[in-house]
Amino acid sequence: MAAVDFLILDSTAPRIDKCFDKLIHLCPIASTPERQYQQSAQTEKSSSHIVVKDVGKVRLIDINDIIWINGAGNYVELHFTQGSTPVLHRETMKNIEQQLEPEGFIRIHRSTLVRKQAICELMPTDSGDYKVRLKNDMCLNLSRRYKGCLESIISPLQ
């Protein structure tokens, strides 16, 4: 990729990212502007949407509207603040967790992700698990395996 290419061809975000990667290897001083660019790119991505293919249409779902996510095999069910019908999205829990972790989502069960700000109460059970009550009165299970996330739930409240 040469400088002339940027004059002739469209400059897309992936092409600019690739250019910065090359620039960093060629000129160590360029690392500061590159970091600033990457941070601004991450900020833009954080206010993004999830693209969900539906029958005969493609939906853009605002990440801020999602409260919790339930796994269903290679699909996930997206549950919303309005309490409307959940939307089925073809994505694995692992991938959606990585995508939404910067947005304040935590894993509380092998098949459940929840937005930390939506949690209003934690109730211990006899088995050592917890019930997590959301602000919309929905109750979810927090399994013993994910007890480590309790600290991240409680710490912003202190």
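These legends describe close-up views of a predicted model.

View 1. The predicted chain has five helices and 10 strands. Of its 158 residues, 28% count as buried. The accessible surface comes to about 10,500 Å², and 53% of that area belongs to carbon and sulfur atoms. Take the contacts between residues at least 6 apart in sequence: 31% of them join residues at least 24 apart.

**View 2. Confidence along the chain.** The mean pLDDT of the chain is 78. A value of 70 or more is reached by 72% of the residues. Where is confidence lowest, and where is it highest? The lowest mean, 54, is in helix α1 (residues 3-8). The highest, 94, is in strand β7 (residues 112-115). Where pLDDT is low, the predicted coordinates should not be read in detail.

**View 3. A nonpolar patch on the surface.** Three residues make up this patch: V51, V58 and L60. Together they have about 300 Å² of accessible area. V51 sits in strand β1 (residues 49-54). Its relative accessibility is 46%, so V51 counts as partly exposed.

**View 4. The salt bridge between E97 and R107.** The structure holds four salt bridges. In this one, the closest N and O atoms of E97 and R107 are 2.8 Å apart. The pair links distant parts of the chain, 10 residues apart. E97 belongs to helix α4 (residues 93-100), and R107 to strand β6 (residues 105-109). Are the two partners buried or partly exposed? E97 counts as partly exposed, because its relative accessibility is 23%. R107 is buried, because its relative accessible area is 16%. The cut-off for buried is under 20%.

**View 5. The salt bridge between R133 and E121.** The side chains of R133 and E121 meet at 2.7 Å, N to O.

**View 6. A network of salt bridges around R133.** Which residues are linked here? The network holds E121, R133 and D137. D137 and R133 meet through their side chains, with 2.6 Å from N to O. The R133 side chain also meets that of E121 in a salt bridge. D137 is exposed, because its relative accessible area is 54%; the cut-off for exposed is over 50%.

Definitions and conventions:
Residues numbered from 1 in each chain as written. Predicted model: local features only at pLDDT ≥ 70, side-chain atom pairs only at ≥ 80, totals over all residues. Heavy atoms only, no water. Helix = DSSP H or I, 4+ residues; strand = E, 2+ residues; numbered from the N terminus. Buried < 20%, exposed > 50% of the residue type's maximum accessible area, 1.4 Å probe, protein only. Contact = heavy atoms within 4.5 Å. Areas by Shrake-Rupley, 256 points an atom, 1.4 Å probe, with all protein chains shown as cover. pLDDT = per-residue confidence, 0-100. Patch = residues over 30% accessible without salt bridge, like charges linked within 9 Å, V, L, I, M, F, W, Y side chains within 5 Å.
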